[in-house]
Amino acid sequence: MSLRVAQAIVAKDLRTEVRSRSAVSTVLPFAATMLLAFGFALGPDRLLLARTAPALLWLAALFASVELCHRSYQHEAANDALEGLLLSPVDKGAVYLGKAAAAFVQLIALLVVTAGIVIVLFGLPVGPAPVLLLLTAVLGIAGLSTLGSLLGLLAVRSRTRQAALPVLVLPLVSPVIIAATKATAGLTHGATAGIGGWLGLLVAFDAAFLAAGYIVFGHLLED
Amino acid sequence: MTTTQRAAVRLSRVTRLFDGLAAVSQVSLEIAGGETVWLRGWNGSGKTTLLRLIATAISPTFGGGSVLGFDLQTERSAIRARTDLLSHETRLYGDLTAAENLRFACSLYDLDARLAGPALERVGLDEVAAVRAGSFSQGMRQRLALARCLMRVPALILLDEPYAALDVDARVVVDELLITAQAGGQTVVVASHEAPPGHLIDREVTMDGGRVITPTMVAP
């Protein structure tokens, strides 16, 4: 039952995003503009561009996660659909897992496009360990989507709504962004020493966010 | 109401405060299983808050009670599985079609998705099953929410201003829901300042200022 509920939430959220194109129409133009602006500001020094690229890539992913999770809960708040979820006799943890999984899929898609822009504009190399790079992307995005999906609910239920989400997310997600940036930088430039530590940190934060979200989500949803 | 009927709703001195103000104050109320009750009162009298308390959408600040034999505070999941609250906020997803909205509800309530088609037909929305709910009028959305309720057959139906924004045809759907509920032994509470057809109502309960003032009996 729980798995079926999570699957239904994923399908519903992805269908909603495909039809509304809200993330694509706001997040991608922002990411592209930000990367272009930094590209011009940093100048033609290819080495400098390549060194700053990992941080810019993860900053774009961070912005995308905040915007995406905010919009996801805006859809739930419209017509009080969130109350529909509250009043359904389902495991609320399964609802959270569905929301987080849908955010994960969308963020991975956005990261792929953004990474393409970074590779072309900044000359970011894929490096000698593409599998580890992929693992870094998966773990980093998992951290952003698990935390964003939990705090997005808090934000939509607060009086300040949109303003609340970045205030809640940014301090908590900083370790994920730092670890993902360091791991990406190391892997793309061949400096793989210490990568295991950063990936371990990502796994620890992902697990903590996921467990906290699964346990707390139902309580946050209640009156 | 006979004394042999088991109470579907039993509230004891329930109070709900919002920012220190009582929306519902010291309400004690008993509704028998299978009864159809018209909860009447002016806007702001506390009808909606009372329905939301019974549906467990909100918690009482003070007091307690039971719904369908389950405790209002500790057995919410059991109450939710057997109750449906229909309000002006239809809880639909605008980017999903009518059929998709119902199928999503089927997933949440562990129902067969094939129930969606007949339910849409019953509320007259079968021809727009593949149209997104976001393009529907308020009346059509209300009908779609009614279709969701028809699929579930809950033991307790809570209708908040069900006639608002509905045309004559759609009002018939609400009345049919009341008739079906009566025939099936379902309990219904209709909160409305507009009178439902008298023959469909067993009892009136009037609210004013957050209090129940006249739990009168309707003549049989």
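Colleague: How do strand E6 and E7(B) pair, and over how many bridges?

Modeller: In this predicted model, strand E6 (residues 83–86) of chain B runs parallel to E7(B), and four bridges join the two. One pair of facing residues is Leu86(B) with Leu159(B), the latter in E7(B).

Colleague: And what does E7(B) do with strand E8?

Modeller: E7(B) also pairs with strand E8 (residues 187–191) of chain B, again in the parallel sense, and here there are five bridges. Asp160(B) stands opposite Ala191(B), which belongs to E8(B).

Colleague: Is E7(B) buried or exposed?

Modeller: Strand E7 (residues 156–160) of chain B has five of its five residues buried, so it is largely enclosed by the rest of the structure. Leu156(B), Leu158(B) and Asp160(B) point one way from the strand, while Ile157(B) and Leu159(B) point the other way, and all are buried.

Colleague: What about helix H5 of chain B, how many of its residues are buried?

Modeller: In H5(B), 12 of the 15 residues are buried, so this helix too is largely enclosed by the rest of the structure.

Colleague: What span should H5(B) have?

Modeller: Its 15 residues, 138–152, should span 21 Å at 1.5 Å a residue, and the end C-alpha atoms are 22 Å apart, which agrees. After H5(B) comes Val153(B), with a positive phi near 50°.

Colleague: Switching to the open sheet in chain B, what is its strand order?

Modeller: The order is E2-E1-E4-E5 (chain B), four strands with antiparallel pairing. At the edges are strand E2 (21–32) and strand E5 (70–71) of chain B, each of which pairs on one side only. Helix H1 (residues 47–54) of chain B packs on this sheet, where it touches strand E1 (7–18), E2 and E4 of chain B, and its direction makes about 60° with that of E2(B).

Colleague: How many bridges join E1(B) and E2(B)?

Modeller: There are eight bridges between E1(B) and E2(B), which pair in the antiparallel sense, and Leu17(B) has Ala22(B) in E2(B) as its bridge partner. The hairpin these strands form has two residues between them, and Asp19(B) takes a positive phi near 50° there.

Colleague: And at the E5(B) end, how many bridges?

Modeller: Two bridges join strand E4 (residues 62–67) of chain B to E5(B), and the two strands run antiparallel. Val67(B) stands opposite Phe70(B), a residue of E5(B).

Colleague: Now the contact between the chains: how many residues does each one bring?

Modeller: Chain A brings 22 residues to the contact and chain B brings 21 residues. On the side of chain A that touches chain B, H1(A) gives the most, with eight residues.

Colleague: Which residues of H1(A) are buried, then?

Modeller: They are Val5(A), Ala6(A), Ala8(A), Ile9(A), Lys12(A), Asp13(A), Thr16(A) and Glu17(A). Seen down the axis of H1(A), these buried residues fall within an arc of 160°, so they line one face of the helix. On the other side of H1(A), Leu3(A) and Val18(A) are exposed.

Colleague: What do the buried ones pack against?

Modeller: The buried residues of H1(A) pack against H2, helix H3 (46–77) and helix H5 (92–122) of chain A, together with helix H3 (98–108) of chain B.

Colleague: Where is confidence lowest and highest in chain A?

Modeller: In chain A the lowest confidence is in helix H2 (residues 22–42), at a mean of 84, and the highest is in helix H8 (residues 195–221), at 95. Chain A averages a pLDDT of 90, with 97% of its residues scoring at least 70.

Colleague: And which stretch of chain B has a pLDDT below 50?

Modeller: The mean pLDDT of chain B is 91, and 95% of its residues reach 70 or more. The pLDDT is below 50 over residues 216–220 of chain B, a stretch that has six contacts in the model beyond near neighbours in sequence.

Colleague: Last one, what ipTM does the complex get?

Modeller: The predictor gives the complex an ipTM of 0.87, along with a pTM of 0.90.

Methods. Residues numbered from 1 in each chain as written. Chains lettered and ligands numbered in written order. Predicted model: local features only at pLDDT ≥ 70, side-chain atom pairs only at ≥ 80, totals over all residues. pLDDT = per-residue confidence, 0-100. Pairing = 2+ DSSP bridges. Contact = placed C-beta atoms within 7 Å. Axes fitted to C-alpha atoms, helices over the stretch in contact; angles between N-to-C directions. Buried ≥ 20, exposed ≤ 12 C-beta atoms within 10 Å, placed from the backbone. Arc of directions from axis to C-beta. Expected span 1.5 Å × (residues − 1).
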